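Dear colleague,

Please find below the structure that I am handing over to you.

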Amino acid sequence: MRDDLRGIWCIIEKDMKTYYSKPPAVSWGIVFPVTWVLAFYLRNPVDFEGLVPGLLAMTALFSTTAAEAVVINFELRLGSLERLLLAPISMMAILLGKILGGTVFGLFMSSAVAVICALFLNIHMDWASFFSILLPALLAFSAMGSLLCLMVREVFEAQTLLNLPRFVMVFLSGVIYPLEAMPRALQFVAHLLPLTYAVKGFRGASDPNQGAPIALQAMVLMAFFLLFLFPAAKLLSKKFE
Amino acid sequence: MATPTAIKASGLVKRYGDLVAVDSISFDVEKGESFGFLGPNGAGKTTTIRMLTGLSKPTAGKAELLGLDVGSNATRTKGFTGVVPEVSNLYDELTALENLLFMGKLYGVASTERHRRAEALLELFRLQEKRDRPFRTLSRGMKRALTIAAALIHNPKILFLDEPTVGLDVMAARSLRKVIKELHDQGMTIFLTTHYLEEADILCDHIAIIVKGRIVAIERPEKLKEMAIKEQAVEFTVSGDASTLVEPLAALTGFKPIIVNSSTLRCSGTTNRLLPHICRAVQDAGAEIVSVNTIRPTLEEAFVRITGLSPTVMATEKGGK
């Protein structure tokens with residue numbers, strides 16, 4: 001257990017140093033969500049407040065998954081993931097290290113966007129609620145990213161594959177278009193997607209009168225995290241059989 | 001008293017669908033021994049290393065390191081083994097020193113010891129001047145050396161080397177072989193795969209020859225050569241025309257000599273009177289012997305005799321390079 005914790009920390013620390021400034025992480029994890037936030041703000045500054053929860057959730061989604069593609073697929077391609085597997089730590093610890101590497105990147109990005117919105121755009125934010133929903137959301141998105149990234153080898157393949165669920169979720173999970181205004185069938189589909197619960201959670205954090213209970217959204221997101229984690233662990237194990 | 005076993009493979013099998021990559025191989029490697037796995041590309045060498053190091057699960061059979069079953073104690077066995085994969089796969093963005101420190105940390109080496117060992121390894125591999133250079137900027141030989149250094153940072157008891165000198169120039173390969181020999185001399189158990197016959201001959205106490213997933217011979221290099229080459233061979237140069245000696249020598253020894261050049265012949269035979277026969281034939285022909293060389297069998301000849309394969313299959317590097 002102690003060895004695993006040390007291993008997880010080593011991997012996070014190394015991934016932060018090695019991969020956070022890689023172009024795919026910067027373009028998809030920083031530039032893309034920031035551009036969206038600015039575009040929506042400039043288009044309609046008056047109603048921007050209502051879009052903030054969705055944009056925060058989208059930032060969390062894009063930043064974590066973009067980081068996963070980098071921390072996993074660069075190492076798959078260069079063979080250095082195999083080096084980690086030769087170390088005296090469990091495979092689950094390696095995977096958690098990789099997932100947390102994406103989570104920390106997402107934490108920086110999402111927190112930065114939230115702080116900027118709160119300070120410069122006067123958006124109200126209950127920070128305890130914000131982080132209560134942000135952490136499970138980041139874990140769920142990061143685990144989803146790791147599962148998809150392990151299915152392919154190259155970074156560009158991973159980013160392409162990730163775009164499918166990312167864009168489907170952005171359009172169906174209430175980021176731009178309110179869930180309530182969608183047809184019932186699409187509302188049902190939306191509730192199968194983790195981003196929906198993150199948007200609802202952030203809505204609750206920015207306006208206590210809106211959104212569903214934070215704890216419930218956080219629990220659903222943790223369930224998504226576990227749902228993605230175990231298949232990802234199995235896939236990683238199978239990859240090196 | 002029996003020498004303790006460092007590596008024990010018992011009936012290891014690895015199948016990928018219909019393909020049998022490793023077919024029921026068994027062998028023991030004693031502590032402190034340098035054991036070579038020699039075979040052409042695709043023979044199953046890397047697959048064997050992957051099973052021994054816990055990276056891949058055998059389809060059947062068992063691997064043990066220092067008496068521990070790798071399958072059920074992988075985390076423990078990984079703690080005392082160092083592995084140098086065929087590809088130098090350290091982190092491009094980290095410097096030489098940072099790579100070593102990262103590996104040390106991953107293996108739980110205490111901070112002070114980690115720094116001390118990293119500096120010592122940089123010195124051993126003559127990489128001190130490159131310590132602050134990113135891995136990606138190093139030459140191929142330096143990358144290989146650093147990859148071996150990284151496998152040694154936690155002072156492993158067993159070192160696995162998969163094709164350690166493949167793709168290196170002569171000087172870099174020689175320098176790495178020297179370090180591997182030093183590690184062996186210090187008592188480290190070494191398991192090495194190679195398709196360079198010369199490398200196996202120089203570095204290994206025992207050699208297993210593997211072809212198509214099966215071990216066809218395990219012996220000391222000298223014994224392998226003796227097993228394969230039964231005849232004695234002598235190459236000699238005479239003062240006159242050597243071709244006139246061919247028939248008389250064939251009659252005396254029962255083997256037709258090979259003409260190496262106009263004045264040199266290579267004569268082989270199973271008789272221990274080969275040299276007196278040569279002297280007699282030369283004297284009868286009125287010639288004089290200028291020089292005589294006894295030809296020792298090479299590992300390459302032994303490999304060809306044992307496997308029936310051409311030595312060219314070993315000369316081809318992986319990836320067709």
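Predicted model: local features only at pLDDT ≥ 70, side-chain atom pairs only at ≥ 80, totals over all residues.

What radius of gyration does chain A have, and why does this value agree or disagree with a compact globule? Chain A has 17 Å, which agrees with the value near 18 Å that a compact globule of 241 residues would have. The radius is taken over C-alpha atoms, and the globule rule is 2.2 Å times the number of residues to the power 0.38.

Residues are numbered from 1 along each chain as its sequence is written, chains are lettered from A and ligands numbered from 1 in the order in which they are written, and side-chain values use heavy atoms, with hydrogens and water left out.

Chain A

Chain A contains 10 helices and 0 strands (DSSP runs numbered from the N terminus: helices are H or I with at least four residues, strands are E with at least two). The C-alpha atoms of chain A fill a box of roughly 55 × 35 × 35 Å along the principal axes. Of its 241 residues, 57% are buried (under 20% relative accessible area; exposed means over 50%, partly exposed in between, with a 1.4 Å probe and protein chains only). Chain A exposes about 10100 Å², and carbon and sulfur atoms supply 71% of this area (Shrake-Rupley method, 1.4 Å probe; for residues, only the protein chains shown count as cover).

Chain B

Chain B has 12 helices and 14 strands. Its C-alpha trace spans about 80 × 45 × 45 Å along the principal axes. Buried residues make up 49% of the 321 residues in chain B. The accessible surface of chain B comes to about 14800 Å², of which carbon and sulfur atoms hold 50%. Among contacts (heavy atoms within 4.5 Å) in chain B between residues at least 6 apart in sequence, 68% join residues at least 24 apart.

The nonpolar cores

In soluble globular proteins, nonpolar side chains tend to be buried together. A nonpolar core is here a set of buried Ala, Val, Leu, Ile, Met, Phe, Trp, Tyr and Cys residues joined through side-chain atoms within 4.5 Å. The largest one has 165 residues, of which B:Ile7, B:Phe27, B:Phe125 and B:Phe191 touch the most other members. Helix H3 (residues 48-78) of chain A gives the most to this core, with 17 residues. Apart from this core lies another, of 13 residues, including B:Val234 and B:Cys267. Leaving aside neighbours within four places in sequence, B:Phe191 is in contact with several residues, among them B:Ile7, B:Phe27, B:Val29 and B:Leu161.

Most residues other than glycine have a negative phi. B:Asn155, which is not a glycine, has a positive phi of about 55 degrees, and lies in the loop between helix H5 (140-152) and strand S7 (158-162). B:Lys212 also has a positive phi, near 50 degrees. B:Lys212 lies in the loop between strand S9 (206-211) and strand S10 (214-219), and is exposed, with a relative accessible area of 71%. B:Asp241 is found in the loop between strand S11 (232-238) and helix H9 (246-253), and counts as partly exposed at 45% relative accessibility. B:Asp241 and B:Asn261 are 20 residues apart in sequence and 9.4 Å apart in space, C-alpha to C-alpha.

Yours sincerely
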